[in-house]
Amino acid sequence: MSTLDTELNTEAEGTESQTEAPAATGADYSEIIYNGIWKNNPALVQLLGLCPLLAVTSTVVNAIGLGLATLVVLVGANIAVSLIRNYVTDAVRLPAFVMIIASFVTSIELIMQAYTYELYQILGIFIPLIVTNCAILGRADSFAARNPVLPSALDGLMMGLGFMAVLVILGAMRELIGQGTLFSDMHLLLGDIAINWKVEVFNDYPDVLFAILPPGAFIGLGLLIALKNSWDEKAKERAEKNKADTEAVDRRVRVTG
């Protein structure tokens, strides 16, 4: 009996060690940061969460408000999912993740109602709709459910920052082209300290309504995606050229040596 118990315990320990994800190294952390900000950006590469991205980015303050709310939910959901990943069965995995995300979204919604009520009214239905944001559920299921807490928190932070960066850039583009201003109504988010933050880039600027309307959002996002793809293509060409030059130098060294 003692030999059998020892074998069973050894086998169980081996199974646990196989299911437990290894701790991320420094290189892994760098990859997580790079993926979230650039390589696997939720908005520019995965094309997730486009409904709120296109709907509320008419100004910078709207973009920052929605971006911060999404960021907090992403980090919180990833941490919570990582903590319970070994205690939730596959049968209830997705419902449990949705409940966790909904809890964080409800908390953010109540906080915004208490402290930034006017901005909450402007963002409207798109705050509770964060629950259905595929980027958040996707990261919870594909990453946080398979990794420890620290890498999961970093992944949520970087994905949230990457998503918010696209929101802010698109919001700045649309506000600048549509109204000729930047950072208007920032006091809705930051209070009285930001009342005078509005920058009038162009005086007597005729409003370009097209940039503020949804078609302007689609065109602006398309331009950002095109710029990213062009940048990646040029970086790839430079890397291939450097690799070819290095190989050529190595061949010459071998011949002369």
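1. Not counting residues up to four places away in sequence, Ile127 touches Leu66, Ala69, Val105, Glu109, Met112 and Tyr120, where contact means heavy atoms within 4.5 Å.

2. As to the basis of these values, this is a predicted model, in which local features need pLDDT of at least 70 and side-chain atom pairs count only at pLDDT 80 or more, while totals for chains, interfaces and linings use all residues. Residues are numbered from 1 along each chain as its sequence is written, and side-chain values use heavy atoms, with hydrogens and water left out.

3. The secondary structure comes to 11 helices and 2 strands, in the order α-α-α-α-α-α-α-α-β-α-β-α-α along the sequence; helices (H or I, at least four residues) and strands (E, at least two) are DSSP runs, numbered from the N terminus. Of the 257 residues, 37% count as buried, buried meaning under 20% relative accessible area, exposed over 50%, and partly exposed in between (1.4 Å probe, protein chains only). Among contacts between residues at least 6 apart in sequence, 76% join residues at least 24 apart.

4. Helix α7 (residues 134-142) has Ala135, Ile136, Arg139, Ala140 and Asp141 as its buried residues, and these pack against α4 (60-84), α5 (93-115) and α8 (149-179). Two of the buried residues also take part in salt bridges, a salt bridge being a side-chain nitrogen of Lys or Arg within 4 Å of a carboxyl oxygen of Asp or Glu. Arg93 and Asp141 meet at 2.8 Å, N to O; because Arg93 lies in helix α5 and Asp141 in helix α7, the pair ties together parts that are 48 residues apart in sequence. Arg139 pairs with Asp155, their closest N and O atoms being 2.8 Å apart, and this pair links α7 to α8 across 16 residues. Asp155 is buried at 2% relative accessibility and Arg139 at 11%, whereas Arg93 counts as partly exposed at 22%.

5. The count of salt bridges comes to 4. One of them joins Lys228 and Asp232, with closest N and O atoms 2.6 Å apart, and both residues lie in helix α11, 4 residues apart, about one turn of the helix. Lys228 counts as buried at 5% relative accessibility, while Asp232 is partly exposed at 26%. Salt bridges that share partners join Asp90, Arg93 and Asp141 into one network.

6. Val60, in helix α4, counts as buried at 2% relative accessibility. Leaving aside neighbours within four places in sequence, Val60 is in contact with Val168, Gly171, Ala172, Glu175, Leu182 and Phe183. Val60 and Asp185, 125 residues apart in sequence, lie 8.8 Å apart in space, C-alpha to C-alpha.
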